[in-house]
Amino acid sequence: MHIVLQLIPRKYLIGGTLILLGLSGLLIMSTIVAITGEFEKDSQQSEVTEIEGGGIGVGTANVSPEVMKYQPLLEKYAQKHGLDASYVPIMMALMMQESGGRGNDPMQSSESFCGSVGCISSPELSVDKGVLHFKSVLEKAHYDLKLCLQSYNFGGGFINYVMKNGGKYTPELAISFSQLQYQKVKHTGNYHCVRPEMVPYSACYGDALYVNAVLKYYTGTITADGKPAAPASEGSGGKSGVKVIDAGKTLIGKTRYVFGGGRSQSDINAGRFDCSSFVRWAFEQVGMNVGPMSGVTTDTLKTQGQAINPKDMKPGDVVFFDTYKIDGHVGIYVGNNQFLGCQGKTGVAIASMAKGTYFGERFNGRVKRF
């Protein structure tokens with residue numbers, strides 16, 4: 001062997017050694033990445049963009065998955081345009097009515113942007129300009145949210161009409177405005193009643209019942225200043241919070257974590273859950289519906305309930321963690337810097353979120369009260 005080495009030029013020996021060292025390093029790095037990725041995958045799920053100040057406000061958007069996927073963009077452009085984040089669920093309801101989240105202009109904002117239908121072909125541009133238009137109309141409506149919604153459908157002329165007739169939205173004003181406008185355009189033959197019930201009134205300009213059409217996709221109340229608000233109730237942070245914790249604790253030691261599990265009755269019967277399906281199940285046990293069994297994710301849970309300052313959180317509040325993705329894990333706060341959740345290594349269990357712990361370092365300050 002010594003003779004063979006002597007016959008090989010020195011430069012080839014050095015080059016070969018460097019190549020072997022490089023390949024060994026790549027192999028070690030690949031192994032580390034694979035192990036780390038598997039640990040994160042086994043423990044967490046989901047993503048939604050964080051808004052400065054935390055949370056998307058209050059109220060619940062009851063919308064399709066196609067609309068739900070636009071939540072991060074709505075949050076992003078609400079922040080960009082200086083619109084209070086509590087309006088995001090209302091805008092999701094508006095998008096549900098406008099397009100169901102389908103097409104290249106999901107917020108139907110082409111006309112407000114360029115004056116003609118179809119000029120927007122980018123969904124993100126539609127959201128950008130739709131949020132900007134919503135904010136503009138809201139301000140012109142003096143934060144009368146119902147007036148804002150109806151004007152999103154009718155156009156800015158409805159705001160002027162309302163201001164000359166009492167200054168506050170009413171369904172009667174919406175119908176009378178539709179009647180007046182229809183008489184002006186009826187001869188074109190381009191307008192027809194979208195609501196059969198409006199035919200007897202000849203109120204066939206736009207949708208005079210647009211406000212109710214949007215609000216059927218929203219659960220919450222509207223305050224005097226026009227901001228959406230959660231229904232007045234004790235919420236999950238009171239006695240019902242203790243009840244949901246007690247319900248969740250019954251699964252400790254009886255489950256295992258399965259990514260995507262808990263979305264069928266057979267999974268539930270077999271004790272297969274992930275973090276969001278467990279939270280949904282626990283609230284269901286105390287009579288609270290926070291989403292469909294088959295479609296719950298951390299994304300959908302984020303849209304529920306009322307945003308709470310972390311300093312004010314109580315047992316039963318829902319807490320979110322930035323893991324392999326932003327808002328990738330969710331659980332139920334039980335007090336004393338602990339939460340109840342379904343984790344990768346333990347299944348349903350109580351885990352610490354104190355500073356210095358895995359989840360303590362990943363708690364992002366998002367707290368929701370259902």
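1. The model is predicted: local features need pLDDT of at least 70, side-chain atom pairs count only at pLDDT 80 or more, and totals for chains, interfaces and linings use all residues. Residues are numbered from 1 along each chain as its sequence is written, and side-chain values use heavy atoms, with hydrogens and water left out.

2. The protein chain has 15 helices and 12 strands (DSSP runs numbered from the N terminus: helices are H or I of at least four residues, strands E of at least two). Of its 370 residues, 47% are buried (buried is under 20% relative accessible area, exposed over 50%, partly exposed in between, with a 1.4 Å probe and protein chains only).

3. Two disulfides are found in the whole structure (a disulfide is a pair of cysteine sulfur atoms within 2.5 Å). Counting bonded cysteines along the chain, the pattern is 1-2, 3-4.

4. Cys 114 is bonded to Cys 119, with an S to S distance of 1.7 Å. The S-S torsion of this pair is about -110°, so the disulfide is left-handed. Cys 114 is partly exposed at 36% relative accessibility, and Cys 119 is partly exposed at 34%.

5. The sulfur atoms of Cys 193 and Cys 204 are 1.7 Å apart in the other disulfide. Here the torsion is about -75°, so this disulfide is left-handed. Both Cys 193 and Cys 204 are buried.

6. Cys 342 is buried at 0% relative accessibility.

7. Pro 89 lies in helix 5, residues 88-98, and is buried at 0% relative accessibility.
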